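Here is a friendly walk through a few local features of one protein model. Have the sequence and the 3D view ready as you read.

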Amino acid sequence: MSSNNKIYRSIVSGVGASLPKEIVTNKDLSMRMDTSEEWIEERTGIKERRIASEGETTSSLGTEAAQIAINNSGLKNSDIDLIVLATATPDNTFPASATLIQSSLGIEKGYAYDMQAVCSGFVFAVEAADNAIKAGNIKNALVIGSETFSRILDWDDRSTCVLFGDGAGAMVLSASSDDTNRGVLSNHLHSDGRYKDLLYVDGGPSISNQVGFLRMDGKGVFKHAVHNLSSAIIEAIDYNDLTIDDIDWFVPHQANIRILEAVSKKVGLSKDKVIITLDKHANTSAASIPLALYEAIENDKIKKGDLVLLEAMGGGFSWGSTLIRW
Ligand code: ACO
């Protein structure tokens with residue numbers, strides 16, 4: 001593809017999602033631990049979350065979401081050249097769960113790998129796929145965010161376990177050389193490892209023989225999230241010579257309603273333009289943006305030609321944005 005000197009853009013050609021069957025409400029949690037429906041909803045906006053049962057894995061949820069995205073794109077599975085799976089909860093330490101999804105989808109060509117940027121993973125994965133398309137190396141990329149955070153939660157720590165859920169979302173990006181202005185317009189990524197101790201997992205193959213549990217300084221994360229997400233939005237808008245009012249839909253990582261409200265207020269973004277699914281899904285890490293995108297499309301919110309800003313922040317810290325003309 002690169003030999004004909006065409007300029008390629010990455011157009012979104014399909015989106016899909018998959019959720020575990022089991023719904024766990026705040027009330028359910030209040031019967032299992034010292035918490036209350038009110039505490040969780042008031043502090044976070046979360047009402048319920050999906051929790052993966054035995055047999056529901058990051059790769060199985062990711063495969064289901066991916067198949068729906070491919071079907072919606074009108075492509076065949078064999079048209080996919082690249083799979084980037086954003087996840088912090090792979091099935092195994094290796095091989096990459098992306099290759100498990102590749103095999104479940106019956107894809108025998110191209111390449112597949114996992115992207116680890118925790119809650120920001122989806123925007124990091126979109127950037128990688130977009131670059132491969134723009135370079136003319138591939139035609140169709142499957143970008144997936146899939147997580148089973150319930151497996152790395154300390155269910156005795158009420159300050160973290162009530163915040164997360166499981167799920168998967170996927171997007172097909174396809175090369176287009178049309179002279180329209182549709183497609184991925186910009187990606188901006190950041191990380192700063194000085195803050196690694198504010199949000200991390202206390203296990204892993206190189207430091208212990210345990211997978212470990214998620215640990216978090218909630219207040220510290222909150223403060224940085226509002227700052228980093230606001231600056232990521234302003235960065236994307238300035239880079240594209242836009243104003244905040246030009247954005248049709250803001251599809252943020254779904255961590256906490258208070259973070260989203262504080263960010264919206266700081267950058268002057270109307271609440272009506274923010275896609276919110278955290279009430280039903282809680283924080284699904286790298287899966288939260290494509291899950292929200294899928295819901296917004298299914299509900300006829302996002303339409304062709306709309307300007308859609310994705311943004312996320314997660315452990316590391318890592319954060320960033322992607323602006324797409326749908
Ligand atoms: N139920 C009831 N009480 C609780 C619970 C619970 N589930 N968890 C904590 N508490 C108690 C605490 O023990 C504390 O009690 P105390 O005052 O007697 O000591 C009290 O509630 C207040 O605790 P705080 O930690 O001060 O509560 P805060 O208002 O900061 O809210 C929260 C905590 C919701 C975690 C908030 O800090 C937050 O949202 N932080 C952002 C974290 C986040 O979104 N992380 C996701 C990963 S990063 C990302 O995705 C952007």
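## A parallel strand pair

Strand 4 (residues 82–86) and strand 5 (residues 111–115) run parallel and are joined by five bridges. Helices and strands here are DSSP runs numbered from the N terminus, with at least four residues (H or I) for a helix and at least two (E) for a strand; two strands pair if DSSP finds at least two bridges between them. Within this pairing, L85 stands opposite D114 in strand 5. To get from strand 4 to strand 5, the chain passes through helix 4 (residues 97–104), and this β-α-β crossover is right-handed. That term means that, with the strands pointing away from the viewer, the path from the first strand over the helix to the second runs clockwise.

## How to read the model

This is a predicted model, in which local features need pLDDT of at least 70 and side-chain atom pairs count only at pLDDT 80 or more, while totals for chains, interfaces and linings use all residues. Residues are numbered from 1 along each chain as its sequence is written, and side-chain values use heavy atoms, leaving out hydrogens and water.

## Aromatic pairs

Rings of Phe, Tyr and Trp (its six-membered ring) pair if their centres lie within 6.5 Å; planes under 30 degrees apart count as stacked, over 60 as edge-to-face and the rest as tilted. The count by this rule is three aromatic pairs. In one of them, the rings of Y111 and Y113 have centres 6.4 Å apart and planes at 15°, so they are stacked.

F149 and F164 are also stacked, at 5.3 Å centre to centre with 25° between the planes. F149 sits in the loop between strand 6 (140–148) and helix 6 (158–161), and F164 in the loop between helix 6 and strand 7 (166–176), so this pair ties together parts 15 residues apart in sequence. F149 is buried at 2% relative accessibility, and F164 is buried at 4%. Buried means under 20% relative accessible area, exposed over 50%, and partly exposed in between (1.4 Å probe, protein chains only).

## Helix 8 and its two sides

Which residues of helix 8 (residues 257–267) are buried? They are I257, I259, L260, V263, S264 and V267.

After helix 8 comes G268, with a positive phi near 75°.
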